Amino acid sequence: MEQPRILIVDDEEDLRNLMKAALKKEGFTEIQTAGSVAEGLQVFKTFSPTIALLDVMLPDGEGYELCRKIRETSHIPVLFLSAKSDEVDKILGLAIGGDDYITKPFSPKEVAFRVKAQLRRLGFAQSTFTITESTSTICGPFEMNADETEIKKDGVLLELTAKEVGLMACFMRNPNRILSKELLYEHVWGEDFFGADNTLMVHIRRLREKVEQNPSKPVSIKTVKGLGYKMMI
């Protein structure tokens with residue numbers, strides 16, 4: 001299967017480079033960037049991207065405008081990047097044809113995970129854009145092997161289910177960062193989060209029973225009310 005082509009349109013060069021680096025680390029190689037509506041439209045026409053990441057506020061207009069132009073000829077997934085967190089702005093972005101809305105500040109890895117979730121819906125297999133790390137990941141008392149299939153705590157192998165390993169992988173790659181429920185569910189389950197709140201809560205509770213000394217008073221996987229969860233190290 002061909003490599004997915006990713007278009008990033010944002011007026012902050014440093015942020016474009018950070019997102020590009022995060023996506024490349026996840027195995028994506030076909031990436032083009034732009035810093036304005038006009039430049040983004042030109043790159044879109046010549047590059048024919050598989051998916052587009054559009055900043056809402058651009059020097060010569062809004063990402064919404066660029067999305068409308070893209071929608072005239074294409075139905076590729078469009079993810080909006082914005083400092084605006086109001087529900088009205090999110091609804092507007094989705095109403096004009098956006099597939100996801102990511103609020104700044106965000107982790108570049110979060111963007112990469114959301115891109116993967118959209119690409120899975122298009123039928124791109126995980127193996128076509130994932131690079132296996134050559135070393136283990138260490139996060140506090142936890143260690144994850146290079147294949148991300150086994151996790152140890154203080155050197156002792158934890159008996160985790162596949163979903164629990166997936167959740168731990170998300171947490172260990174993003175220590176001390178708040179991960180939204182939507183991000184965790186879409187990355188681990190590969191499905192839309194809508195209506196799955198209880199499913200995620202149950203899996204988090206079971207995971208805590210295996211990794212926390214006192215599951216009722218967790219110190220490693222903390223709940224951030226109204227936002228999600230984060231691993232403390």
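Predicted model: local features only at pLDDT ≥ 70, side-chain atom pairs only at ≥ 80, totals over all residues.

Trainee: What makes β12 and β13 a pair?

Mentor: Between β12 and β13 there are 4 bridges, and the definition asks for at least two, so the two strands count as paired. They run antiparallel, and K222 stands opposite K230 in β13. The hairpin that they form has 3 residues between the strands, and there G226 takes a positive phi near 80°.

Trainee: Why is α6 called roughly perpendicular to α8?

Mentor: Helix α6, residues 162-173, packs against α8 at an angle of about 80°, their axes being 10 Å apart. Angles of 65 to 115 degrees count as roughly perpendicular, and therefore α6 is described in that way relative to α8.

Trainee: Which residues of α6 and α8 meet?

Mentor: From α6 come K163, E164, L167, M168 and F171, and they meet residues of α8 including L200, H203, I204 and L207. By class, the residues of this contact divide into 7 nonpolar, 1 polar and 4 charged.

Trainee: How do you know which residues line the largest pocket, and how many are there?

Mentor: A lining residue must have an atom within 4 Å of a pocket point, and the lining of the largest pocket comprises 39 residues, of which R114, S180, K181, E182 and L227 lie nearest its centre. Among the elements that give two or more residues to this lining are α8, β12 and β13. The lining has 15 nonpolar, 9 polar and 15 charged residues, and the pocket volume is about 1,100 Å³.

How values were computed: Residues numbered from 1 in each chain as written. Heavy atoms only, no water. 1 Å grid on protein atoms, 1.4 Å probe; cavity = no way out; pocket = protein on both sides within 12 Å on 5 of 7 lines; lining within 4 Å. Points joined across faces, edges and corners; volume = space filled by probe spheres on them. Nonpolar A, V, L, I, M, F, W, Y, C, P; charged D, E, K, R; others polar. Axes fitted to C-alpha atoms, helices over the stretch in contact; angles between N-to-C directions. Parallel < 35°, antiparallel > 145°, perpendicular 65-115°, else oblique. Contact = heavy atoms within 4.5 Å.
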